[in-house]
Amino acid sequence: MNLLLSLTEQCNLRCSYCYYKVSHAERALVMSDEILEKAITLAFERTLKLKQDFFYITFFGGEPTLRMDSIRKGVRFAKKLVKERREELPAGFELCFAVNTNGTLLDKEKIAFFKREKFRIYLSLDGPAAKHNISRKKEDGSGSFADIAPHIPDLIKMDTVVLSVVTRRHVRGLAKSIRWIKEQGFERVTTGVDFDGKWTVEDLDKLSLEYQKLALFWLEEKRKNSSFYLGTIQDKVAFHVLGLRQRNSTCMIFKGGIGVATNGNIFPCSRFISSKKDAKYALGNVCDSKNRIFNGPVAKEIKCFLKTDKPECAGCGIRYRCDAHECGCTAFYTTGSIHGVSAEVCSHERILTAICDDAVAKYQAEGGLF
């Protein structure tokens, strides 16, 4: 079971591409202890019902390290539940924790806590200072890189996953930025595009060139038998080589995973999370004792989405490896509906998939094995 907890809508940064800047516009709400415990309890009961052998809790925001008190309470409460119900859990059951952070508020005490509790850290980092500071700015408009830099050595030792965002302003030098991240010592990196509806053909051409450079970098690492994970290329390659369908292999939308907003609203994944009363795709609320989270009308719509193909994509050879077709989150934030298809995302996916397929062909021609 994967549980994502939006502990706070507050954030100390004002990143230009933050997809919560509308749904979290007031940046004020925080999750109460009551909702925190009810959310963890609900997800844990779901874990038991599904007979799953893991319970993975990710603390999210806003910036979750603004609420270290809630993170500590959540860890204690989850460990207490597991201890009390141990006899109902399968052998080898794992309770795991993660945090998505911009890294600017870390200190020795927080890092020590995350190490002690074996947290997986997901760090927002776009590259060296000049690149990172383009969009990841503080409230006063200054860049945030200098606040992260002192913690990079510790984060590397913790096998931190780096998440980099690509905007139209970040395109040039993307491959150099990812190489720089690898040179610092990070071994797990992936990139995500800020689909804002304004990508031009020229912008996509620039991105295509950077993706070609990234594919060559990935091939260099593969030839060295490196353990470096570059999700941008590697995931698309895996879908192709292993014949996987993206929706069934990486998407957790309503398949043993939920996200909970600060006010207790329950959603199928992170991009949907909102504390607004009229929030789309809300499955229910953790405080509603009679709510039909997993069999209500929204749940039925999502289940239908998971089982059907989008008519716009009929006959497309890459539809099962394409975010426009397979990812409900991406469809929602680019079109407003999980059933929509963004032309911008479609163009991007065709470019990236072709480059990744070419990389596979080159590697296999050299006798490389996956």
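In the predicted model, one aromatic cluster is formed by Phe 59, Phe 97, Phe 113, Phe 114 and Phe 119. Rings of Phe, Tyr and Trp (its six-membered ring) are paired if their centres lie within 6.5 Å, and count as stacked with planes under 30 degrees apart, edge-to-face over 60 and tilted for the rest. The whole structure contains 13 aromatic pairs by this search. Phe 97 and Phe 119 are stacked, at 5.5 Å centre to centre and 20° between the planes. Phe 97 belongs to strand E3 (residues 94-101) and Phe 119 to the loop between helix H3 (108-116) and strand E4 (120-124), so the pair ties together parts 22 residues apart in sequence. Helices (H or I, at least four residues) and strands (E, at least two) are DSSP runs, numbered from the N terminus. Phe 97 and Phe 119 are both buried (under 20% relative accessible area, 1.4 Å probe, protein chains only).

The charged end of Arg 72 sits over the ring of Phe 113, 5.5 Å from its centre; the criterion is CZ of Arg, or NZ of Lys, within 6 Å of the ring centre and within 35 degrees of the ring normal.

The buried residues of helix H2, among them Ile 71, Val 75 and Phe 77, pack against helix H1 (33-49), strand E2 (54-60), E3 and H3, with contact meaning heavy atoms within 4.5 Å.

Residues are numbered from 1 along each chain as its sequence is written, and side-chain values use heavy atoms, without hydrogens and water. Local features need pLDDT of at least 70 and side-chain atom pairs count only at pLDDT 80 or more, whereas totals for chains, interfaces and linings use all residues.

Notes:
Buried < 20%, exposed > 50% of the residue type's maximum accessible area, 1.4 Å probe, protein only.
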